[in-house]
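Please read this briefing alongside the sequence and the coordinates. It goes through selected parts of the chain by topic.

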Amino acid sequence: MYTQGLDAQGREPEAPAGGAAAERFQARVDAEEKIEPKDWMPEAYRQTLIRQISQHAHSEIVGMLPEGNWITRAPSLRRKAVLMAKVQDEGGHGMYLYSAAETLGIGREEMVGQLLSGAAKYSSIFNYPTLTWADVGAIGWLVDGAAIMNQIPLCRCSYGPYARAMVRICKEESFHQRQGFEIMMTLARGTQAQREMAQDALNRWWWPSIMMFGPSDADSPHTAQSMRWKIKRFSNDELRQKFIDVTVPQAHFLGLAIPDAQLHLDEASGHYRIGAIDWSEFHAVLRGNGPCNRERLAARRAAHENGAWVREAAAAHARKLKERAAAAAAA
C-alpha cells in the first residue's frame, strides 16, 4: 500500500559526492535503465531503497490487522470471503517486498527485528481503529486508493526488483480499492443508519488518508534526491493533489460529504483545494502516540512469538535436506 510518506522517516544517507562511477550510475538512471542487484550503486541509493522497501513491507504486514479482525464479523459469507482474500493479498505483498529488499543485502530477520523493536516505521494510517464495518469500506476506498496513487509510479522505479514487485501489487490494490468503494456504495444506498455509518467512517478516515502522502514538499528535504534517482516520480504534494481530485467526485457520487468546510473547486486550476492539514496529529502518530500504535506492535510481536515453532521446524527440515544431499554426494 503505503510508501510515499515513508521517505520522511529517519535520517537519509548523504547523496554521493561524485566520481566517475556515480556519474555513470546517474547516466543509466537518466536513460531509464533498470538498476539490478549486482550492479554498482551509490551506498546512499542502496540505503534509501532498503529503508523505503522494508518500511513498505512492514506497512503491508501491519496493514493486515485493522481489517483482519472484521473477517469473522463481516455481514455475509461473500463479504467474509472477499475480505479474507484481501488480507491474504496484503501478507503476500509484504513477502514480495521483503524479498526485494533482501536483494540489497539486508536479511529478513534484521528487517523484522527492526519492526518488532519499534526502530523501523510503517505507515501511520494503520494506527487508527476500525470501529464499524463501514471502516473496512473506507480503508479500501480511501487508504487503498491513496496507495494506488503512490504505487503506480513505483512500477517505474529505477531499481528493478522493486519496480517488478509493484506491478502485481498494484493490480491487487486496484481490486482492493474497488471492493472498498462497493462497500461504501452499498451502505450509502442503504438505510438511514447505514448512510450515517458510511459518513462517520469517511469523517474519521479522510484526513489520515490525506496525510498518508507524507509531509508537504517544503518539509520533505530528501524528495529532490529520490526523484533524481527516479525512486520517486512525483512529490508528496503532487500525489496528494491527484488523490484529492479523483476522490472528491467519488464522494459526491456516493452522496457523502467530505469533512472539510474549506474544500472547494478552484475554477482557474481545475483542482480541488482543501483546508489546513493538522500535521501535529501526523507527527504524534509517528512518534507512537496514535490510537493503536501499541496495540499494532503488540499484535505483531505476539504473532512472531507464536510462529517461532514454524520457523524452527522449517529450519530443521532444510538442514535435513542439506545433510541428505551432502551424504548422497559423498556416497
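In this predicted model, Lys230 sits in the loop that connects α9 (223-228) to α10, and its phi is positive, at about 60°, although Lys230 is not a glycine. Most residues other than glycine have a negative phi. Lys230 counts as buried, because its relative accessible area of 18% falls under the 20% limit.

- With a relative accessible area of 41%, Glu32 is partly exposed, whereas Lys230 is buried.

- Is Gln26 buried or exposed? Gln26 is buried, since its relative accessible area of 7% is under the 20% that sets the limit.
- Beyond residues up to four places away in sequence, Gln26 touches Arg228 and Trp229.
- Arg228 belongs to helix α9 and is partly exposed, with a relative accessible area of 48%.
- Leaving aside neighbours within four places in sequence, the contacts of Arg228 are with Gln26, Val29 and Asp30.
- How far apart are the C-alpha atoms of Asp30 and Arg228, which are 198 residues apart along the chain? The separation between these two C-alpha atoms is 8.2 Å.
- For Arg228 and Ala331, by contrast, a sequence separation of 103 residues goes with a C-alpha to C-alpha distance of 56 Å.

**The loop between α8 and α9**

- Asp217 is found in the loop between α8 and α9, where it is partly exposed, with a relative accessible area of 30%.
- Apart from its neighbours within four places in sequence, Asp217 is in contact with Ser235, Asn236 and Asp237.
- The C-alpha atoms of Asp217 and Asp237 are separated by 6.1 Å, while the two residues are 20 residues apart along the chain.

**Helix α8 against helix α10**

- The axes of helix α8 (residues 192-211) and helix α10 (residues 236-254) come within 10 Å of each other and cross at roughly 150°; because angles over 145 degrees count as such, α8 is roughly antiparallel to α10.
- Which residues form this contact? From α8 there are Trp206, Ser209, Ile210 and Met211, and these meet Arg240, Phe243, Ile244, Thr247 and Val248 in α10.
- By class, the residues of the contact of α8 with α10 divide into 6 nonpolar, 2 polar and 1 charged.

**The nonpolar core**

- The largest nonpolar core has 80 residues, and within this core Tyr159 and Trp206 have the most contacts.
- Helix α7 (residues 160-188) supplies the largest share of this core, with 10 residues.
- Trp206, one of the two residues with the most contacts inside the core, is also one of the α8 residues that meet α10.
- Tyr159 touches a list of residues that, with those up to four places away in sequence not counted, consists of Lys34, Ile35, Glu36, Pro37, Met41, Tyr45, Leu49, Ile53, Ala100, Thr103 and Leu104.

**The chain as a whole**

- The chain contains 13 helices and 2 strands.
- Buried residues make up 50% of the 331 residues.
- Among contacts in the chain with a separation of 6 or more, 80% are accounted for by residues 24 or more positions apart.
- Along its principal axes, the C-alpha trace of the chain spans about 75 × 50 × 35 Å.
- What radius of gyration does the chain have, and what would a compact globule with 331 residues have? The chain has 21 Å, which agrees with the value near 20 Å that a compact globule with 331 residues would have.

Technical notes. Residues numbered from 1 in each chain as written. Predicted model: local features only at pLDDT ≥ 70, side-chain atom pairs only at ≥ 80, totals over all residues. Heavy atoms only, no water. Core = buried A, V, L, I, M, F, W, Y, C linked by side-chain atoms within 4.5 Å. Buried < 20%, exposed > 50% of the residue type's maximum accessible area, 1.4 Å probe, protein only. Helix = DSSP H or I, 4+ residues; strand = E, 2+ residues; numbered from the N terminus. Contact = heavy atoms within 4.5 Å. Axes fitted to C-alpha atoms, helices over the stretch in contact; angles between N-to-C directions. Parallel < 35°, antiparallel > 145°, perpendicular 65-115°, else oblique. Nonpolar A, V, L, I, M, F, W, Y, C, P; charged D, E, K, R; others polar. Rg over C-alpha atoms; globule rule 2.2 N^0.38 Å.
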